[in-house]
Amino acid sequence: MALIDIANIRVAYGDPPKPVLDGINLQFEEGEFICLLGQTGCGKSTLLRLLLGSEQPCGGRVLIDGREHHQPDRTRGYVPQKYSLFPDKTVLDNITFGAECSEFGLFQCFTPRYFRRRREFRAQAMDYLLRIGLRETDAAKYPDQLSGGMQQRVAIAQALLTRPRILLMDEAFSALDPGTRRGMQRLIRDLWQETGTTIVFVTHNTHEALFLGSRVIVLAKETPDSGSRVAIDLHLPDACDEDEIPSLVRRLERVSHNLPETEDAIHAVR
């Protein structure tokens with residue numbers, strides 16, 4: 001059984017309803033790194049929210065381990081496009097907050113185990129802080145003392161520390177400068193290979209999708225008034241031939257603008 005089963009999903013917004021997703025059928029296996037591509041408004045972020053459980057479809061079902069989930073839980077980490085940090089907490093406290101809340105309830109605080117785990121979480125948080133390109137001195141700062149790109153990196157570290165089974169990332173690197181973005185791409189891919197976490201990553205950057213993903217899915221609309229469907233579902237080899245990358249980029253970008261390709265072009269390749 002697939003870890004995630006997306007069965008005939010339909011989503012529409014507004015009155016009268018305007019379709020956003022129409023007949024999405026996908027299965028994600030545990031340990032995949034799935035990159036979602038497509039034009040603005042094609043429903044990539046909507047699909048991510050369905051996986052998170054913060055939004056429900058108009059039709060169809062999203063199953064995780066064979067069950068529907070109607071709200072977020074600790075098994076799914078989420079990094080939104082617009083970072084969200086607690087302004088009254090330091091960088092270190094922001095990073096550890098989710099992990100501490102997931103493991104300890106109100107009445108479990110101030111026990112010996114709580115203080116032991118808290119020290120462990122803070123040590124792990126400092127490790128992530130350095131790996132995402134910040135310094136030890138940044139740990140005591142507050143979000144308003146950081147640049148937007150630095151705040152986004154803290155939000156990423158916050159999600160990583162909880163070690164979720166599924167990590168959902170919505171344009172998580174869009175606020176970063178090119179050098180930092182490349183470093184974060186390498187970090188996320190290394191962590192994915194180390195942990196086997198299932199990652200679903202929304203991006204507009206085709207090169208980024210090909211670098212990160214073990215699988216690239218393009219969502220596109222047949223007409224401006226129709227809901228998006230799966231235009232391409234491409235399984236990537238462990239190492240792409242560099243000579244093939246330009247043609248893959250052209251193909252993915254072409255299809256993201258105009259659905260569909262021929263049936264022979266849509267099938268998954270390995």
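A residue is called buried under 20% relative accessible area, exposed over 50%, and partly exposed in between, with a 1.4 Å probe and protein chains only. The model is predicted: local features need pLDDT of at least 70, side-chain atom pairs count only at pLDDT 80 or more, and totals for chains, interfaces and linings use all residues. Residues are numbered from 1 along each chain as its sequence is written, and side-chain values use heavy atoms, with hydrogens and water left out. Helices (H or I, at least four residues) and strands (E, at least two) are DSSP runs numbered from the N terminus.

**Salt bridges**

- A salt bridge is a side-chain nitrogen of Lys or Arg within 4 Å of a carboxyl oxygen of Asp or Glu; the count by this rule is 15.
- Arginine 229 pairs with aspartate 22 in a salt bridge whose closest N and O atoms are 3.6 Å apart. This pair links distant parts of the chain, since arginine 229 belongs to strand E10 (residues 229-235) and aspartate 22 to strand E2 (residues 18-28), 207 residues apart.
- Arginine 229 has a relative accessible area of 39% and is therefore partly exposed; aspartate 22, at 26%, is also partly exposed.
- Glutamate 32 and arginine 215 form a salt bridge of 3.0 Å, N to O. Glutamate 32 lies in the loop between E2 and strand E3 (33-37) and arginine 215 in strand E9 (residues 215-220), so the pair ties together parts 183 residues apart in sequence. Both residues are buried.
- Aspartate 138 and lysine 141 meet in a salt bridge of 2.9 Å, N to O. Aspartate 138 counts as buried because its relative accessibility is 2%, whereas lysine 141 is partly exposed at 24%.
- Salt bridges with shared partners join Glu30, Asp65 and Arg165 into one network.

**Aromatic pairs**

- Rings of Phe, Tyr and Trp (its six-membered ring) pair if their centres lie within 6.5 Å; planes under 30 degrees apart count as stacked, over 60 as edge-to-face and the rest as tilted. This rule gives four aromatic pairs.
- The rings of phenylalanine 33 and phenylalanine 201 have centres 6.2 Å apart and planes at 50 degrees, so the pair is tilted. Phenylalanine 33 is in strand E3 and phenylalanine 201 in strand E8 (residues 198-202), 168 residues apart. Both are buried.
- Phe33 and Phe201 form one aromatic cluster with Phe173 and Trp192.
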